Amino acid sequence: SKVNYPEEFAGFAIVDTKEWNKPKYTTYKPKEFGDYDIDIEIECCGLCGSDIMTAKGGDHGWGSITLPQVVGHEIIGKVIKAGPKVSLHKLGDRVGLGAQAFACLDCNRCKHGNEQYCPHTVTTYDGVYPDGYVSQGGYASHVRAHEYMCFPIPEKLDSIHAASLCCAGLTVFSPLKRYIPKNLPEGQVPKVAIVGLGGLGHLAVQFCKALGAEPYVFSRTDNKKEQSFELGATGFVTTGTEGWEKPFFDQFDLILNCAIGLSGLNIDAFLSILKVEGRFCSVGLPAVDEKYNVSPFTFFGNGSCLCSSALGSREEAVELFQMAAENNIVPWVETVPISEENCQTALTRAWDGDVRYRFVFTEFDKAFGT
Ligand code: NDP
Ligand code: ZN
């Protein structure tokens, strides 16, 4: 059926968190059109682990959500409408939208390249605008967002690859860029542990290398060993056996945790492989009912620290797309034409870890008549 744009958008929405993997075709009113807003007619959209954690809601996910909810925040499409104050994009431009649709752009954080931490942030889906409108994401015909959150995409990148760079790529690029040490003694190459080889992790390996550091993959089993080296890893470590950390004492400058759960992670063991004042930075966000279990004595042993990182800034996004184009950084993707049935299959398989390493939904024009 053909979507009734601009009155309505159409998308595949979670209608019940118990059926988190069974989105249904739905139509809905977009948010009120703002002066800086653009409408994107969507060409393709990646499937992020966050879509799953959001869809699971209070049922071992990130907590309660507004239903029906269209997830998806690795969006590529074409600008088809632009507000009167839009200056960053023109009609017809190909743009990308990640996990953030709005920031005030006026607070201290926004003014210093940290708009991802703006207290007025509205996420691309399940975010609340000041007027109470709840945002809807990219498993849809269209999405409306602030122009600043939409990124120009270099011609050299295919849409199906650019999609996953918008969230997965930016989320790992930002902390790697910020936290890989730049002042090591002459001749020493920074060593980075990438924990969890999924959508985020497999891009972290590639960006880490492009940023001049040595990535080592830490995975729960040895199933992904060969592919880790294909992706450019310097080393591969299986964390499934007791004492795996012993040979790596005092070796790493940074740990980037990209795992979606905590059950497979021994944080004390990970912290012990850091050099003095090294950092364990988590981009992985487990279900709200999970907590870190870590001893203060572990930090006492090496002055290490534990932190999280959220998304990245527009400035970092622009740099990352450039770097991806120049260094041939390509997400490994499996494309699926978007439909109720394929959303169900892809969400289920992604949760089961049965994808190398990202699903990208395609053929939106067929599904929505755009
Ligand atoms: P994927 O499912 O693609 O990858 C997650 C990886 O985590 C798996 O490949 C697996 O790696 C590992 N893993 C899975 N289950 C467990 C477990 N129980 N314990 C330990 N490790 C586990 O997910 P994504 O890459 O899409 O997302 C990863 C995380 O990042 C999610 O929590 C997501 O919500 C979050 N995220 C955070 C953002 C931010 O701004 N901070 C933005 C986007 C996503 P292996 O088999 O190698 O062990
Ligand atoms: Zn995401």
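Modeller: To begin with a definition, a residue is buried if 20 or more other C-beta atoms lie within 10 Å of its own, exposed if 12 or fewer do, and partly exposed in between, with C-beta atoms placed from the backbone. The model is predicted, so local features need pLDDT of at least 70 and side-chain atom pairs count only at pLDDT 80 or more, whereas totals for chains, interfaces and linings use all residues. Residues are numbered from 1 along each chain as its sequence is written, and chains are lettered from A and ligands numbered from 1 in the order in which they are written.

Colleague: Is Tyr 125 then buried or exposed, and what makes it so?

Modeller: Tyr 125 has 29 other C-beta atoms within 10 Å, and therefore counts as buried. Tyr 125 sits in the loop between strand E7 (122–123) and strand E8 (142–146); strands (E, at least two residues) and helices (H or I, at least four) are DSSP runs numbered from the N terminus.

Colleague: Which residues are in contact with Tyr 125, leaving aside its neighbours within four places in sequence?

Modeller: Contact requires C-beta atoms, placed from the backbone, within 7 Å. Among the partners of Tyr 125 are Thr 54, Val 70, His 73 and Ser 135. The C-alpha atoms of Tyr 125 and Ser 135 are 4.7 Å apart, although 10 residues separate the two along the chain.

Colleague: Why is the protein called as compact as a globular protein of its length?

Modeller: The protein has 10 helices and 17 strands. Its radius of gyration is 20 Å, close to the 21 Å that the globule rule gives for 370 residues, and therefore the description applies. The radius is taken over C-alpha atoms, and the rule is 2.2 Å times the number of residues to the power 0.38. The C-alpha trace spans about 60 × 40 × 35 Å along its principal axes, and 46% of the 370 residues count as buried.

Conventions
Two residues are in contact if their C-beta atoms, placed from the backbone, lie within 7 Å.
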